[in-house]
Amino acid sequence: MAFGKKIRACLTAGMLAGGLLLSGCTAAPLLSQREIVRAAFFQQQGARSAVFLLLADSAQNAEGQQPAYKVVTSHGDNPEQALEKAENSLEGQVFYGLLDLATFPTQYNWQNVVDTARLLYDKTKPAPQMILFLMDEMPEQQLVKNAGDLYEEMEKAQVRYDLKNGLQTVFSEKNECALPVWQGTEYGFSFLQKDKEPLMVKEAIAAQLAAVLSEQSDRLECLFDQESAALQTQTYVQYCADQVGQNELRLTLIDPEIRDISGEGREPVQLQQLLCNELQQVFADFTRNLYTDQFDPFRTGIWVAAQSGSQKPVPQPSLMIHLEP
């Protein structure tokens, strides 16, 4: 009986394999047969587009050199053409399932960002988890040489600052989006609107507050008071409104670590007041420059509408800061 069962099992497996071949179905290629893309760096070089794909180098990785990468570069009249040419130059099947980083040029306007993000989404859907940065143009040879190191530095920054965005960030609002800007060990932040020039903030405390209020981070780690004090804290943002027409955000700093690095020996209460004053000033600059027309970068309009019906334009929000021990 056991022998008969084995024969039937073999016949069943053979028939299944034959059925797959006849139906045109083939097994998916192994990872070793694929070109595994880990990062995509898009660049704008004058009127031309360039893409740099950072690939896992399976040959070197197999030899124990971890991690190992290779870079494929291509140019085109637009990002789509450049990406297609890069893919066509590869020997194996392109695999985007492990793509976890993409950068777009800081020269991009809102439409450019949306179009390139849509291109990536179509290539990678169901889209993997990834982090997006805007990045200044870098000389081509330098980017090819340092792409692996740059990728790892950006990955570390993402963990350090607890950045969270992705392709869904670009599509979540109809005519606007916001993204962090790569600046080495720190990051800036850029607000983009349809048919308008991007508004970028470069100072660390301003960029990080923007990311927190835009729900792309829940951490502040920066210097303040002219770099005489240091802050590290987790954050929590709530919408608060005790009366109709009020538009207020409450920023909670959870067990903040505030250190005086000036050598002056200032008291904690004084440092806390200096920090709150600076955060309020940064926020005032945001609201003055951002809350114009229909732009609502911190998504308070939905709460205002829930309170008092549709209200356009959204009134400038205020900020309340709470330090939680």
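Modeller: Buried residues make up 43% of the 325 residues in this protein. Buried means under 20% relative accessible area, exposed over 50%, and partly exposed in between, with a 1.4 Å probe and protein chains only. The model is predicted: local features need pLDDT of at least 70, side-chain atom pairs count only at pLDDT 80 or more, and totals for chains, interfaces and linings use all residues. Residues are numbered from 1 along each chain as its sequence is written, and side-chain values use heavy atoms, without hydrogens and water.

Biologist: Which residues of helix α3 are buried?

Modeller: First, the general idea. An α-helix has 3.6 residues a turn, so residues three or four places apart point the same way. Now the case here. In α3, residues 79-88, the buried ones are Pro79, Ala82, Leu83, Ala86 and Glu87. They lie on the same side of α3, because they cover an arc of only 135 degrees around the axis. That arc is taken from the directions from the helix axis to the C-beta atoms.

Biologist: What do the buried residues of α3 pack against?

Modeller: Contact means heavy atoms within 4.5 Å. The partners are β1 (34-45), β2 (48-56), β3 (69-76), β4 (93-95) and α4 (110-124). Helices (H or I, at least four residues) and strands (E, at least two) are DSSP runs, numbered from the N terminus.

Biologist: Which residues make the contact between α3 and α4?

Modeller: Pro79, Glu80, Leu83, Glu84 and Glu87 of α3 meet Thr116, Leu119 and Lys123 of α4.
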